[in-house]
Amino acid sequence: KEQHLKITHSRRQISFRYATEDEKKNMDLEGYDMVAVVTSTSYLSNGQLFQYGTISYRPDKFTFVSMAKR
(Lines give C-alpha, C1' and ligand atoms only; values in the text may rest on other atoms or scores of the structure.)
Protein backbone atom coordinates (compact mmCIF):
# COMPACT_ATOMS: atom_id res chain seq x y z
CA LYS A 1 0.00 0.00 0.00
CA GLU A 2 2.84 2.39 0.83
CA GLN A 3 4.34 2.06 -2.63
CA HIS A 4 0.91 2.23 -4.31
CA LEU A 5 1.45 -1.06 -6.13
CA LYS A 6 -1.54 -3.28 -6.86
CA ILE A 7 -0.83 -7.00 -6.93
CA THR A 8 -3.51 -8.58 -9.08
CA HIS A 9 -2.67 -12.26 -9.19
CA SER A 10 -0.18 -14.94 -8.31
CA ARG A 11 0.61 -18.37 -9.66
CA ARG A 12 2.06 -21.52 -8.10
CA GLN A 13 3.47 -24.36 -10.11
CA ILE A 14 4.25 -27.73 -8.54
CA SER A 15 6.62 -30.08 -10.31
CA PHE A 16 8.96 -32.96 -9.61
CA ARG A 17 12.48 -33.19 -10.98
CA TYR A 18 15.81 -34.85 -10.33
CA ALA A 19 17.71 -33.22 -7.48
CA THR A 20 20.61 -30.92 -8.31
CA GLU A 21 24.07 -31.53 -6.85
CA ASP A 22 23.50 -28.66 -4.38
CA GLU A 23 20.20 -30.17 -3.23
CA LYS A 24 21.81 -33.58 -2.81
CA LYS A 25 24.59 -31.96 -0.77
CA ASN A 26 22.41 -29.67 1.39
CA MET A 27 19.19 -31.65 1.83
CA ASP A 28 18.81 -34.88 3.73
CA LEU A 29 17.23 -36.74 0.81
CA GLU A 30 17.62 -40.19 2.42
CA GLY A 31 18.21 -41.98 -0.86
CA TYR A 32 15.71 -40.01 -2.95
CA ASP A 33 17.13 -38.61 -6.16
CA MET A 34 14.12 -36.36 -6.88
CA VAL A 35 12.60 -33.29 -5.23
CA ALA A 36 9.19 -31.62 -5.32
CA VAL A 37 9.52 -28.01 -6.45
CA VAL A 38 7.04 -25.19 -5.80
CA THR A 39 7.58 -22.10 -7.95
CA SER A 40 5.58 -18.98 -7.05
CA THR A 41 5.14 -15.81 -9.09
CA SER A 42 3.13 -12.67 -8.31
CA TYR A 43 2.17 -9.96 -10.79
CA LEU A 44 1.22 -6.30 -10.66
CA SER A 45 -1.87 -4.87 -12.34
CA ASN A 46 0.24 -3.82 -15.36
CA GLY A 47 1.39 -7.43 -15.86
CA GLN A 48 4.89 -6.85 -14.52
CA LEU A 49 6.44 -9.69 -12.50
CA PHE A 50 6.61 -8.50 -8.89
CA GLN A 51 7.84 -11.53 -6.95
CA TYR A 52 9.45 -14.86 -7.81
CA GLY A 53 10.38 -17.71 -5.51
CA THR A 54 11.16 -21.40 -5.66
CA ILE A 55 11.35 -23.98 -2.86
CA SER A 56 12.48 -27.61 -3.06
CA TYR A 57 11.05 -30.34 -0.83
CA ARG A 58 11.91 -33.94 -0.18
CA PRO A 59 9.19 -36.03 -1.89
CA ASP A 60 8.13 -37.92 1.24
CA LYS A 61 7.76 -34.65 3.21
CA PHE A 62 5.68 -32.83 0.59
CA THR A 63 1.89 -32.42 0.82
CA PHE A 64 -0.35 -30.57 -1.60
CA VAL A 65 -3.66 -29.14 -0.41
CA SER A 66 -6.01 -27.18 -2.65
CA MET A 67 -8.96 -25.20 -1.37
CA ALA A 68 -11.43 -23.14 -3.36
CA LYS A 69 -13.91 -20.70 -1.88
CA ARG A 70 -16.75 -19.57 -4.12
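**View 1. Pairing of β1 and β2.** β1 and strand β2 (residues 34-44) run antiparallel to one another and share eleven bridges. Look for S10: its bridge partner in β2 is S42. Strands here are DSSP runs (E, at least two residues), numbered from the N terminus, and two of them pair if DSSP finds at least two bridges between them. This is a predicted model, where local features need pLDDT of at least 70 and side-chain atom pairs count only at pLDDT 80 or more, while totals for chains, interfaces and linings use all residues. Residues are numbered from 1 along each chain as its sequence is written, and side-chain values use heavy atoms, with hydrogens and water left out.

**View 2. The whole sheet.** Step back and you get an open sheet of three strands, in the order β1-β2-β3, with antiparallel pairing. β1 and β3 sit at the edges with a single partner strand each, so one side of each has no neighbour in the sheet. From one strand to the next the twist averages 15 degrees (axes are lines fitted to C-alpha atoms, with angles from 0 to 180 degrees between N-to-C directions).

**View 3. An aromatic trio.** F16, Y57 and F62 make up one aromatic cluster, and the structure holds two aromatic pairs. In the F16 and F62 pair, the ring centres are 6.0 Å apart and the planes stand at 90 degrees, so this one is edge-to-face. F16 belongs to strand β1 (residues 7-18) and F62 to the segment after β3, so the pair ties together parts 46 residues apart in sequence. Y57 and F62 have ring centres 5.6 Å apart and planes at 50 degrees, so that pair is tilted. (Rings of Phe, Tyr and Trp, the last by its six-membered ring, pair if their centres lie within 6.5 Å; planes under 30 degrees apart are stacked, over 60 edge-to-face, the rest tilted.)

Terms used:
Helices (H or I, at least four residues) and strands (E, at least two) are DSSP runs, numbered from the N terminus.
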